[in-house]
Amino acid sequence: CNRRYERAMKSTDKDLILQTANEFFAEGKYAFAIELYSKVASSFSGTDEAANILYNSAEANFQDKNYRLAAHQFKNFYVTNPADPRAEDAAYKSAYSYYTDSPKYNLDQTSTYSAMSELQSFINMFPESPNVAQANGYIDELRQKLEKKAFEIAKIYHKTMKFKAAAIAFDNMLDEYPDTKFREEAMMYSLRSKYELALNYSRFETEELRFQNTITQHKLLLKAFPETKYKDEADKLLKKTEEALVKHRETAVKIEEHKKAVANNTPAK
Amino acid sequence: TLLFAQNDSLTIVTDSIQVVPTQNIEDAGYTNPQTYTLGDMDISGENRFTKTQILRFTGLRIGEELEIPGTKINNALKKLWRTNLFSDVDVYVAKIEGNKIFLRLNLVGLPELVELDINGVKKSKREDFIKEHKLDPGIKITNNLKNQVRNSIKNHFLEKGYPDTKVDFIESEVPDDKTKSNLKINVNRGERVKIKRIEFEGNKELRDGQLKRKAMKDTKQKSINFFRSSKFIPHKYNDDLKKVIDEYKSIGFRDAKIVSDTVIRTDNKNIEIKIQVEEGRPYYLGNITFTGNSVFTTEQLERVFSYQKGDRYDAVGIQKRVSGSEKDDDLNTLYMDRGYLFSRLLPVEKSVKNDTIDLEIQISEGEPATYNKVTFSGNDVTHDHVIARELRTKPGDLFSKTEIKRTLFELAGLGYFEPTQINPDIQPNPENNTVDLNWELAHKSSSQIELQGGYGAGTFLGTLGLTFGNFSVANMFKGESWKPVPMGDGQSLSLRAQAGRGYQNYSFSFTEPWIGGRRPTALSTSIYYSRYNYRDINGEEARLGIIGATVGLSQLLTWPDDWFRLSHSFSFQKYNFDNYALTIGEYNYENGSSNNFNYTIGLTRNSMGPDPVFPTSGSEMSVALTVTPPYSILNNKDYSTMEDVEKFEWLEYYKIKGKAYWYKELAGKLVLKMGGEFGYLGTYNNKIGTIPFERFYLGGTGLMGNRFDGREIVPLRGYEDATQSGGTREDITPTGGGSIYDKFTLELRYPITMGQQAKIFALGFAEAGNTWSDTKDFKPFELRRSAGVGVRIFMSAFGMLGFDFGYGFDNAIRNSEPSGWQTHFIIGQQF
């Protein structure tokens, strides 16, 4: 097996190389086939074999679990051979390869974005394909992965007491994924973050605005989820915020009076 | 009739298409395209493709509608060109029948490369060229390809100082196959040309030497200095000419210009450069006004701006002080650090009276910007939370250039990403005064496998070490994450085994940089076991075993500032002697055991940076206190009559250590490191005295000697390394080691190169230190002094290497002569 590969690899006879590559492909020895196809591809460019080489090479990479390469080659295939009967299959497999290449939510999601756009363009190109339903399912799954990523990062900010960052991150996440399944939880987290920020981490001048933000967030949560499981906790936070707001305003009035008193050059009460 | 023609040297030039109307389509001129159906296409010319293939290349179909002239036919030609298969493509109209048009394509195929031969280029470089231009068998030999190869070879030699490189292509057809060719590339690099002389004319204010040194940095005159290679590279020469003008501008000669410059080839190997400058006259700064500032007062701005009325008008320096200083000490950075990302600062020359220029710095402050979306990409291995918790640029924070830099250092410091590829991608949104920030990252492996054999300590030693710098314990039980080991949670795990004749050592350590909680708290643990055995002169077995374990917690503080770390650790060591003659200080052990259980609390502040190998700013400071339980108070034993072995079965002591070093960039790249350190080993009970373990040994670089007894080796250059028990003729450490020491260092460092592969710096030092066995002898300023010079080379594969020549001015304890010159080799550690 190895000797056959070495012989083909060293050969300058392109037909022999291609034949050996096809044999390895048929035998399921994809790693060998991939190497030989890539060596011989440029010699056959423009011939009838070129399409087969590209397709087989993509398929071999797919079978060998080199999804990133397979995705790229399948895409190359259906773009250059749109009339080929294998084009639809290639477009689906390209999108599917991108999908498979998408990593866990807590790693870089560049592949996920490519996968979503590839799946979408497959659906647009072949709306009648029996694979459309499946492709739509994958898109949903990937979007949920991105939702989870945004949600978990926002939670890290909350956990490390970066409440300002957490509130913005939760709100951005809710803007970006309005129908997320984490909506209720994220809204509650946003409320908790805003509450903490307003009550425990604010200077006097910023307090009023932040109390208001907290109260607004409470309203938003109850409007979206009147029966929310967090109702008790949310109401408690609201009550504390309103109390603090009253106190804040009393202090503000006193400060004003004091200022006036100083201005009038009479002793304060 | 020829309809369209293009030739190879033009890649795609659509507007050069010629239309030669035939008698049948005379009324279908350029301005009036007509639509036909493609009847058929004939192919003529020398090529090996079938009609179907050619049609596929063009994208045309028989029977499809065509406009003549029109975009479809243009695109078809473009596509044919793009295949890079043909050297010539012509389209003719063969005939027209009604609305059917019959076209003929005349194609000339390009030869295909079979064998390639490049002469006159080094083998490795040859492969680079082949890779760069994909010169593999089967590629079509186009003129374009030949031009590209020629240019890249010529450029390569030009950069090396060979301006006369000749590249010849010799193509020979393969017998029996006209479509194939062998290609031979002959390269003759010619003579290496050096710059014999650079002459300036018309310069009075700056001497030739100053201009050459400061401006002509990449165009250097031939000299005996081996490292200063002299070559003439036109584009770098042009840049250097601009630097000449900048030099003048920076001393106020704002009208300076280069009147002429001539480059003369005096002979094959040499050129001479003559540069004529016109200096003009110096200008001075008049009144400086700031307009539009409300965030900072004019006084604050003046302080940062630093130029004052009456100074020479340094146009270059003024621009830098306004924005774009490398050191980030400009006005723009001042605003950026307060979040004013959208601020604009513009120096405007208000008036020029004689030689005085009034300057107005116009400021438009804008609103402060905060981060909105903060993301990161490229973390293929490292999990989000490891990165998110390090960020100092969080949503809602004010935009700050300084914090971006600090985050960059901290991300680089993790060791999981390629430091050079960390890039903050800043996307300002002026409409709502926010910034989106994406940290672009690229994975770097932080695992090491160490497998080595070597001769050391009189025996052959084999070492096997595994270090995983970005381990993930949580993923240990998930099968699919073992590729090859679970990674991405930023934990570090290290396993090491070392064995030789009569010696074994095993160690395990694990660190979790953030065990949870709200502030970064690191947990580290380590366990080790060492065994030494030999047969003594009577043939009996002698054994020493050391087992130890440490658990520590260290927390980043937010007060007094966030560079501080507080650490706690518990540590235990047990020494077992079995007929093993070991000298610890002045005591000899044979049988028995000694235990050291202690608690250490330490406070460190480390802000040195940005490069940990060659810090140019910041400081490192630490204080630590180690204590053991006061056994003698608790157990009521009479220590005055006790045997040494029993006395030291459970070591009791306390130890205080402190050090502080500062780094500061002085003039240019010269960096000053200064600071000092001290240590004190004390006892609770005078009847026991200071323990013979854990003592201080001063001198040399401390590479030698074993450390069975927990000793601390304090380097002091200019003196010999401390011996096993101290107190010899060469030692500056008293017999049995010191219980108190202090040391002061002053070092000047100059970077020679700070490249990616190797960092090299030279240093000169003056230091002084001493150690005493007893506090009552302690005289903090009766020190042993030394001075000298040295070099350090840092390569990531080897760590720090270097040597110092130090002169010791004072004598060793039992010697009346000064220590004199000493040579020190430095391996693996930092000074």
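A residue counts as buried when its relative accessible area is under 20%, as exposed when it is over 50%, and as partly exposed in between, using a 1.4 Å probe and the protein chains only. The model is a predicted one, in which local features need pLDDT of at least 70 and side-chain atom pairs count only at pLDDT 80 or more, while totals for chains, interfaces and linings use all residues. Residues are numbered from 1 along each chain as its sequence is written, chains are lettered from A and ligands numbered from 1 in the order in which they are written, and side-chain values use heavy atoms, with hydrogens and water left out.

Chain B holds 13 helices and 35 strands; here helices (H or I, at least four residues) and strands (E, at least two) are DSSP runs, numbered from the N terminus. Contact is taken as heavy atoms within 4.5 Å. Looking at contacts in chain B between residues at least 6 apart in sequence, 58% join residues at least 24 apart.

Now to where the two chains meet. On the chain B side 29 residues are in contact with 24 residues of chain A. The size of an interface is often given as the accessible area lost when the parts come together. Buried area is used in that sense, as the accessible area (1.4 Å probe) that two parts lose on being put together, summed over both. For chain B and chain A this comes to about 2,400 Å², with 52% of it on carbon and sulfur atoms. Within chain B, the residues that lose the most area to chain A are B:Asp384, B:Pro395 and B:Arg518, which together make up 24% of what that side buries.

B:Asp384 turns up again among the charged pairs. A salt bridge is a side-chain nitrogen of Lys or Arg within 4 Å of a carboxyl oxygen of Asp or Glu, and two of them are counted between chain B and chain A. One of these joins the side chains of B:Asp384 and A:Lys149, at 2.8 Å from N to O. Polar contacts are pairs of N or O atoms within 3.5 Å; within protein, one must be able to donate a hydrogen and the other to accept it, and residues adjacent in sequence count only if both atoms are side-chain atoms. Seven residue pairs, both members at pLDDT 80 or more, are in polar contact between chain B and chain A. As for which elements of chain B do the touching, helix 1 (51-58), strand 15 (370-377) and helix 10 (384-388) each supply at least two residues. Strand 15 gives the most, with six residues. Sorted by class, this side of chain B has 12 nonpolar, 11 polar and six charged residues, where Ala, Val, Leu, Ile, Met, Phe, Trp, Tyr, Cys and Pro count as nonpolar, Asp, Glu, Lys and Arg as charged, and the others, Gly among them, as polar.

Over all chains, the salt-bridge count comes to 50. One of them pairs B:Asp804 with B:Arg717, at 2.9 Å from N to O. B:Asp804 lies in strand 34 (residues 799-811) and B:Arg717 in the loop between strand 30 (712-714) and strand 31 (740-754) of chain B, so the pair ties together parts that are 87 residues apart in sequence. B:Asp804 is buried, at a relative accessible area of 0%, and B:Arg717 is buried too, at 1%.

Another salt bridge runs between B:Arg785 and B:Asp810, at 3.0 Å from N to O. B:Arg785 is partly exposed at 46% relative accessibility, whereas B:Asp810 is buried at 14%. Through shared partners, salt bridges also join B:Arg717, B:Glu747, B:Arg749, B:Glu767, B:Arg792 and B:Asp804 into one network.

In chain A, helix 10 (residues 183-200) has 18 residues and reaches 25 Å from its first C-alpha to its last, close to the 26 Å expected at 1.5 Å a residue; the expected span is 1.5 Å times one less than the number of residues. The helix is mostly covered, with 13 of its 18 residues buried.

Most residues other than glycine have a negative phi. A:Lys65, not a glycine, has a positive phi of about 70 degrees. A:Lys65 sits in the loop between helix 4 (49-63) and helix 5 (67-80) of chain A, and is exposed at 59% relative accessibility.
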